[in-house]
Amino acid sequence: MRVRPISPERLVAELTERLLAAATEPGLPAVTGAGPDAPADRPGRLRVALDGPPAAAPQRLAEALVDPLRALGRPVLHVRAEDFLRPASIRFEQGRTNPDAYYESWTDEAGLRREVLDPAGPGGSGRVLPSLWDPATDRASRAAYVPLPPGAVLLVSGALLLGGGLPFDVAVHLALSPAALARRTDPELRWTLPAFARYADEVDPASFADVVVRADDPRHPAIVEPDEPVD
C-alpha cells in the first residue's frame, strides 16, 4: 500500500478524470428504453458513492466534482443521503443519541435504492427523486422527480453508505484515523463515534472501495494506492 499526498484541487481533478473514465468504460451497462432514435451504444449512467463521516465532508467533495464533470459534458446530479433519513419515530425509537440506531436504521436505504439508485441503474427509467424526507419538519420533502439522461453521473454523498449492499458503480471512501475522527467531529455528534468504529470494524470500506482518500487533514489529503504487483 502506498499513500500519495495530493492537494485538494488535484484530488478533485483526479477524481473527475477517474469518473469520466469509468463512465465511458465498456463494462458500464448501456441505457435501455431510451427511445427508438437513441444510439444503441449510448453509455449508461454512473452511480458514485462519496462515503465518509460528516467530519470528512463527503458532501463538500461531491459538490466540488459537479462543475468539472459538467464542463466535460457530463450531466450531473448530487444527492445527499441525509435527505433520505427515516422518520424521527424510527430514528429516535431508542433515544436521540443511540449509536447503534444511527448505524443500523437512520438512513432509509430502501428509499434511496428505490427512488435514486435503481432508476439510475441498468434498465432504470432515469427518473430520480433528489430528496425524500425533510428531517427539520419530519415530513416528506415533496421534491419533484428529476430526469437523469443517459451518460449522466449520479453523486451520492453521506455516511455509512457502503455497508448495506447499495448498488454503486464506483465507491469513493474518505477515511479518517480514529484520533482525527474524534478531533474533527462536532461535539454534538461525538455520540456517533462508536457507530463509525463499528463501521470500520464490520464493513471495513477502505478494503474494497475503488478510491480511498485519507482525509485526516482536509488541507492535505492523500490517496491510498495498492502496491504495484511484483513480477
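A salt bridge is a side-chain nitrogen of Lys or Arg within 4 Å of a carboxyl oxygen of Asp or Glu. Go by that rule and this structure has 14 salt bridges. Keep in mind that it's a predicted model, where local features need pLDDT of at least 70, side-chain atom pairs count only at pLDDT 80 or more, and totals for chains, interfaces and linings use all residues. Residues are numbered from 1 along each chain as its sequence is written, and side-chain values use heavy atoms, with hydrogens and water left out.

**A linked group**
- Arg2, Arg4, Arg10, Glu14, Glu17 and Glu225 are joined up in a network of salt bridges.
- Take Arg10 and Glu17: their closest N and O atoms sit 3.7 Å apart.
- Arg10 is partly exposed at 37% relative accessibility (buried means under 20% relative accessible area, exposed over 50%, partly exposed in between, with a 1.4 Å probe and protein chains only).

**A bridge between two helices**
- Glu104 pairs up with Arg198, and the closest N and O atoms are 2.8 Å apart.
- Glu104 lies in helix 4 (residues 99-105) and Arg198 in helix 7 (residues 193-202), so this pair ties together parts that are 94 residues apart in sequence.
- Helices here are DSSP runs (H or I, at least four residues), numbered from the N terminus.
- Arg198 comes out as partly exposed, at 22% relative accessibility.

**One more pair**
- Arg113 and Asp118 also form a salt bridge, with 3.9 Å between the closest N and O atoms.
- Arg113 has a relative accessible area of 32%, so it counts as partly exposed.
- Asp118, at 36% relative accessibility, is partly exposed as well.
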